[in-house]
Amino acid sequence: MPKLLIIGAGSSGLGVALAAARRGWQVIVYEAKDIGSGTSTTSTKLIHGGLRYLERAIRHLRWADWKLVREALAERAWMLQSHPQLCRPISIVLPIGNLWEKSYYGLGLYLYHWLSRPYQLAPPKWVPAAQLRPLFPTLSPPLQGGWRYYDGQFQDRLYLVHLALFLRQRFGVDIRPYHKVTAIYTRPSYVGVRVETAEGHSYEEAGDFVVNAAGPWADLIRQQVYPEALPRLRLSRGSHLVFARADLPLAEGFLIPRTRDGRLLFALPWLEETVLVGTTDIEVEAPTWEVSVAEAEEAYLRTHLAYYFPEAREAPILARFAGLRPLVSGGSHSTAQLSREHVVEVWPEKRFASLMGGKWTTYRVMGEAALREVCRALRMPFTRGESVEEITPDLSQLRQLQEAYPTPIVEGEPFTEGEVRFWRRLGWAQRPEDLVAGRWQLAFIHSERAAKVRAVLQAKWEQLI
């Protein structure tokens with residue numbers, strides 16, 4: 001069977017790996033940092049079709065957005081059952097101030113629900129104003145009520161790590177964190193990559209085809225192959241804030257349907273009694289690994305949230321995080337208006353394809369689309385492959401090491417030495433941050449706790465192997 005080399009172990013790259021592995025291909029995935037440590041870890045943690053895209057599809061008669069929503073809602077159903085421990089339905093309330101809004105948004109939500117058939121969650125339901133107060137005790141403006149609808153929520157980074165482990169266990173996919181592709185070269189019968197490891201070692205690997213799924217770095221990878229290639233991406237920074245639920249009491253998700261730049265804002269119950277608020281949309285010029293929340297973005301999020309929840313203006317922030325969305329260039333002046341569709345670009349003579357754009361929820365569809373084009377370039381049939389309905393990995397070895405080494409990294413925290421040993425022995429934890437952010441997600445819950453655990457773990461790092 002063919003040998004596929006994939007650059008990028010984010011949602012796009014592992015979507016391609018899933019598509020190829022279940023058809024019996026040999027697959028190697030190279031990741032410059034930790035699994036899912038780029039765009040895939042800084043989402044709003046929603047598995048959804050996209051209400052904003054549905055509104056745009058109707059207002060501007062955009063078939064592409066209509067198709068994207070329909071496709072994403074089908075994938076929402078698959079993701080929710082693919083790993084029930086990390087994915088769950090979530091109820092979200094959209095506030096309504098007048099009769100026109102009630103009709104407009106109600107119609108939209110019922111259409112959203114109808115488009116999800118036959119994979120529907122519970123239908124939208126009207127919540128009178130009197131019933132909103134127990135759900136949102138500090139809700140300020142006078143409202144007629146709100147529409148409750150349902151989408152999905154998931155632990156994005158951990159889901160991706162578990163998907164990687166599942167692919168390794170089930171299909172033998174070779175996933176190599178901290179292996180950076182530095183060059184790509186084509187020969188008549190194969191394509192090769194030059195790779196540099198975190199320790200500074202270099203090696204080369206040959207395969208039948210390369211798929212570039214490097215997210216914000218995809219243009220840089222394309223230009224390794226064709227230096228004259230024009231950029232295809234525009235990058236957008238999305239920022240989030242995390243509050244304690246005691247300071248921002250929400251019993252359900254809350255959707256702010258309109259901001260001054262035409263976006264939606266979510267306030268969602270999150271892990272460990274926190275509330276996740278986001279997101280923004282700020283265009284940036286070049287990709288970087290370290291992305292910070294700007295002061296203006298923090299003020300923007302606080303201002304819109306404070307209209308409904310005045311305490312948000314001064315409430316302490318437990319964590320901040322931001323990431324880059326790679327959006328395929330279009331005619332719009334604003335990245336907020338660019339489509340979230342994916343594009344597969346193939347250079348058959350170079351045995352090279354790039355998967356660009358897209359959204360988290362459709363990662364599996366994107367992987368299938370990329371592999372279909374690879375098969376076409378290799379003049380191979382695109383077979384059905386083995387069915388995969390769940391991606392939950394076998395964690396028995398992890399549990400064994402947790403039992404063998406139960407000492408907590410920091411007293412009072414649930415993270416044990418056994419977990420560190422498991423991921424390090426697997427070769428999937430090269431630095432403390434890979435655990436603090438990538439396995440325990442503490443960096444996206446509570447920054448001060450994350451800093452304390454990170455420092456203690458760093459001091460013990462060489463012993464925990």
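These legends accompany close-up views of a helix pair and a pocket in a predicted model. Residues are numbered from 1 along each chain as its sequence is written, and side-chain values use heavy atoms, with hydrogens and water left out. Local features need pLDDT of at least 70 and side-chain atom pairs count only at pLDDT 80 or more, whereas totals for chains, interfaces and linings use all residues.

**View 1. Packing of helices α10 and α11.** Helix α10 (residues 396-404) packs against helix α11 (residues 417-426) at an angle of about 135 degrees, their axes lying 7 Å apart. That angle makes α10 oblique to α11, a term for whatever is not under 35 degrees (roughly parallel), over 145 (roughly antiparallel) or 65 to 115 (roughly perpendicular). The crossing of the two helices is right-handed.

**View 2. Residues between α10 and α11.** Q397, L398, L401 and Q402 of α10 meet G418, E419, R421, F422 and R425 of α11, contact meaning heavy atoms within 4.5 Å. The residues of this contact divide into three nonpolar, three polar and three charged.

**View 3. The second largest pocket.** This pocket has a volume of about 670 Å³ and is lined by 28 residues, of which W289, E290, V291, A322 and E433 lie nearest its centre. On a 1 Å grid with a 1.4 Å probe, a pocket is an open set of points with protein on both sides within 12 Å along at least five of seven lines, and lining residues have an atom within 4 Å of a point. Strand β17 (317-328) and helix α13 (447-460) each supply at least two lining residues, and the largest share, five residues, comes from β17. By class, the lining has 12 nonpolar, nine polar and seven charged residues.

How values were computed:
Axes fitted to C-alpha atoms, helices over the stretch in contact; angles between N-to-C directions. Helix = DSSP H or I, 4+ residues; strand = E, 2+ residues; numbered from the N terminus. Left-handed = near helix turned anticlockwise from the far one by under 90°. Nonpolar A, V, L, I, M, F, W, Y, C, P; charged D, E, K, R; others polar. Points joined across faces, edges and corners; volume = space filled by probe spheres on them.
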